[in-house]
Structure formats: C-alpha cells, structure tokens
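Please look at the sequence and the structure below before reading on.

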Amino acid sequence: PIASLVCTMALRWAATSAAVVLGLFITASASPLCRELYSSGETWRNCTVEVGGLAIQGPDAFRAQWNSTYQDYLTSRFRRSHGLTFVAHPLTFNENFDFVAAKRLDFIFSNPGAYTCMSIEFSLVTVASMINLRKGIPLDRFAGVIFTRHDSNITTVEDLRRARVEAVSISGLGAMQLQQAELLSLGLNVMTDVQRLTFSYSQNKIVQDVQNGYADVGFVRTDMIERSEAQNKTKWEYFRVINEISDNDFPFKRSTDFTPEWPIGALKHVPWEIMELVGQALMQLDYASADPALSEPATTGKFATWVPPMNYYGLLGMLERIGYYSPEERRCLRSSDVYQAVKCPAGYVKKAEAAAFCTSDCKEGYTCLCQPCTELKDPALVLRVEELHTQWSGDIDRVVLDAWTSFEDRCERMGRCAQVAEGQRLQWVLLDQIGEISRRQINAPLLTSVEIRLRFDGAWSNMTAENVTLSDGTETQQYTFESIALEVGTQVVQVRVNGLQAEMSPVVIEHFEPVQLSVSCGPGEQATDSGVCEACPPGTHGAVEGQAPNT
C-alpha cells in the first residue's frame, strides 16, 4: 500500500511537472518577435522566429505536415542554446507576397516559382533546398503533368483548343506555369486557345473534376495522381497523359521540363548567424536517420532531407516567357486578381473583365476564364456614316428618296461612304477597335484628338469621344460628329487623328437633290406644299388644260 501510494504520488507529481513545463513552453512561445526586439545586425536571443509556408493543400494539411519541422524541431534545437521559439504560419499564394513585402516573417518556404519572384523582389537569401521523398525515392526535382480521362477523344496538344482545362491558379508552378510554358513552346497559348480555363485552387479537386467530367484536361504536379490513388480517391487507369515525356530516370509520368524542389529562404533582416543555424539544422534531418529526433520530422513532412541551396534563377526565363515576370520592373504578377494576371500574347488584347470570365458553368469557389484574350482587329480605326432622323417636307417623294439613298458598312480610302439627299441629317462615327485600355497594354499611341472636315477646303471640327462596349466584350471608344448634307454634288471628307491624316481618309459622299412629288389633282382641286389635293378657295379653280390654276 505504501509503495502504491508513493507510486501514485510520483505519477501525480510527474503529471503536474509536465503541465508546468508545458505552461512554461506556451508562455515562452509568446516571447517578443526577434525582428522587433533587435536592430539589424544584432544577435537574436530569447525571442520568437516566424516561418511562413505556402499551404497548397490548406492550413490544416500544412500544420499536420510541417509544424513538426518548422515549430517543434527548430524550437527544440535552439531553445536552450539561444532561447529561440519558432512558429510556423500557413499562407495562401497572395499572403506569400504580402507577408514577405510587409516583413511580417523571418523565413519563407514556398514553391520555386513564387520563391524565385520573391527572392528577386525582396532580396531573399536561400538557406536550404528540400529533397522530396516519393515512393521511397529521394527526389530533388519535379515536373508538371497534363492529363485527361482514358476514354477522352483529346489525345494531342492540338486537341486542347477545344478543351475545358483546369489548373490550380495563375501562380501555380507545378499545376499551371510549367504546363503553360510547355504548351507555349508547342504553339498553344492556354490563355487564348482553350475553350475554358478554370482555376480550382486545389490539385485534389483537379483530379476529381477530370475524373467526373467537369474538366476535359487537368494540370497537376508529378506524383499528385499517385497521392490521390494512395488515398483511394482515384486510380491511374482512369487517366491518360498528354504530351508524355519518356524518362526512365524519373519515377513519375510527366509532360513538362523539371524544376528544382521547394526552397526555404530568409528575409534580409535575419542575422547571418540565424540563417546558417537554420540551414544546418534542416540539413541534419534525414528520414533514414536512426535518431528519431532527426527522422520523425522528415517522415511527418514526407521529405528525405535538405541540401545546400539549389539554383532557382533558371526559372526566371520561363516565368518571363509566359508573361508572369517582368525583367524591366523586376516584379512578378500576383494571383489576387486573376484578370490583372492575364497577359495576352502579341497581336491580342484583353477583353473587358465581364466578358473575360464565364459564370454559367463555373463552380462556386472556382474562377473560370473563357478565352480572355481577343485578337486585335484590323484595321484599328473604322469610319462610317449613319442616317439620322430627318423631317422632310410633304412634297418630297419619299419612295424615290429611299431608293436612291445608300450607306456602306465602312468608309474606304477614296471610296464612296454614302449617297444621300441634300438636307439629310447624318452622324459620322470613327470607331477605335483597340480602345484606350488595350492601347496602353500594347504601348500603342493613344487617340488624343480626332477631327473631321466635311469639305475639302472647309474648317476642321472636333469629334466627340464616348465609351462603348463591342459585341465581343471589348471596351473601347468611338468618336462622333453630326452634320447635314449640304450642296448637291460630290463632297470629299477628311479625318485627322492626333494631327495626322487617318488611314482611311479621305472619303467621298454624294449629295443628290430630293425629288419633288408629282401630284395630279382633279377639277376644282389644287396641290398643297405637302403634296395633298384640296379644294380650291372660292372664286378660283383647279388646273384646266391650257390654263394655269386660279385664273
């Protein structure tokens, strides 16, 4: 009994001590942030270090996979020696850039594409590169897969032009950008050439959507379908790879070139000592280590180990080719606004936002683009003249007038635009088929002044600008001027844009004299100005053969 009591008391003491230690740990984890506590160059001690990571499968999945490495392991390594506590934060693609730009982190772990952009923009220092572990094989690189259902009639890259394609996001490397670059090299631009481009923001959804027929073609990173298969969510036999690259040295099917595996980097305010300590600690992790402290984080994180930084700058060329990276601005696009992220190729301009997105067949939480780029129209400027309502007097023969009046769809240089009666009200319209927004995108000259001259020796008049939306969704401007057809004969009309003769100018318009109605009235009647017969006033008479009326 005494021994039992002692044992019970000991267990209670141990439990109480553990609770105290845990409480101390929780309290310590709330220590001040190192970057706020110390100035640049000072050694970090007794403070908190924050690590951000791109959570491509969501925050819960990120914590389950990475907290053991970025929080537990690093804290255990440097708590006693430096008093450092490490805290990990799952981030979205947008938060990746936002947190780094605002210096709300000390280290960032992200996909190689986004990381390369951030390293250029914010001068990150890479401290280590991950060696992944798939099928028990350590891998230092991955690629992209373009896949469809096994029973699909889409078999070649060219077939993608009629396909509904699903990717993860504009910023996704293994599930968008690698495929986009590969297809571009084969003559297909996924932003302009496919029927629908959908972003589901989840590679798991991409696999399921292709399997269920919502999408014809999916983009995922290598090993994604294998992971879904391991979770009993699908089977490889349901799918077929498009543009498969034969590779006996790589264990997964692929459709694109490789990229190095994910890196972790430090923001420039982090002391060099801390960068080196974190890098060395990560490189000691090993899934095959006999020491559980070194193997368990790797097993939970599903990686083999870490190695000295690999070269990621080769990705810049690819990101530049797909229009994601601007070398002039040294900046990459963001995925927060998909419309702004759309970069159209030469000869194309972006549709209006409302026309670029399709909603009728787009799942909730998805973003769907339906060929957001449209080919530049030729010619850029189109001139036409339109008929306005005109109040004609009643003695004008409207049947003849309508038969003689004609308008061309557009005015051609030195060609006839229209044939109209003298006195006809007209509206001249110059349509800019490119528009100001698109002109700015392609660095084309803006239309600062548009003038018209209705006689060869007449005065120039300004045309009035107004915004219009074309049937294909293009937002643009047209320039109008109202006039009246004066003087019978041929008139030469000129249009001047930014002080220079427009491409289609000069043009010609024909004015003809309106034909008078021929009215035959009976005895005792006379024709009015409106062409109606009415009784003659008392004491007068109508037309009599050989005699004038009213005599």
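## A link across the chain

Cys 117 and Cys 332 form a disulfide, with 1.9 Å between their sulfur atoms; the term stands for a pair of cysteine sulfur atoms within 2.5 Å. The bond connects distant parts of the chain, as Cys 117 lies in helix H5 (residues 112-122) and Cys 332 in strand S16 (residues 331-332), 215 residues apart. Helices (H or I, at least four residues) and strands (E, at least two) are DSSP runs, numbered from the N terminus.

The link of Cys 117 and Cys 332 is left-handed, with -75° about the S-S bond. Cys 117 and Cys 332 are both buried, that is, under 20% relative accessible area with a 1.4 Å probe and protein chains only.

## Basis of the values

The model is predicted: local features need pLDDT of at least 70, side-chain atom pairs count only at pLDDT 80 or more, and totals for chains, interfaces and linings use all residues. Residues are numbered from 1 along each chain as its sequence is written, and side-chain values use heavy atoms, leaving out hydrogens and water.

## Other disulfides

By the sulfur distance rule there are seven disulfides. One of them joins Cys 34 to Cys 47, S to S 2.0 Å. Cys 34 sits in helix H2 (residues 34-37) and Cys 47 in strand S1 (residues 47-54), 13 residues apart. This link of Cys 34 and Cys 47 is right-handed, with 95° about the S-S bond, and both cysteines are buried.

Cys 411 and Cys 417 also form a disulfide, their sulfur atoms 2.0 Å apart. Both Cys 411 and Cys 417 are buried.

Cys 536 is buried, at a relative accessible area of 13%.

Technical notes
Buried means under 20% relative accessible area, exposed over 50%, partly exposed in between (1.4 Å probe, protein chains only).
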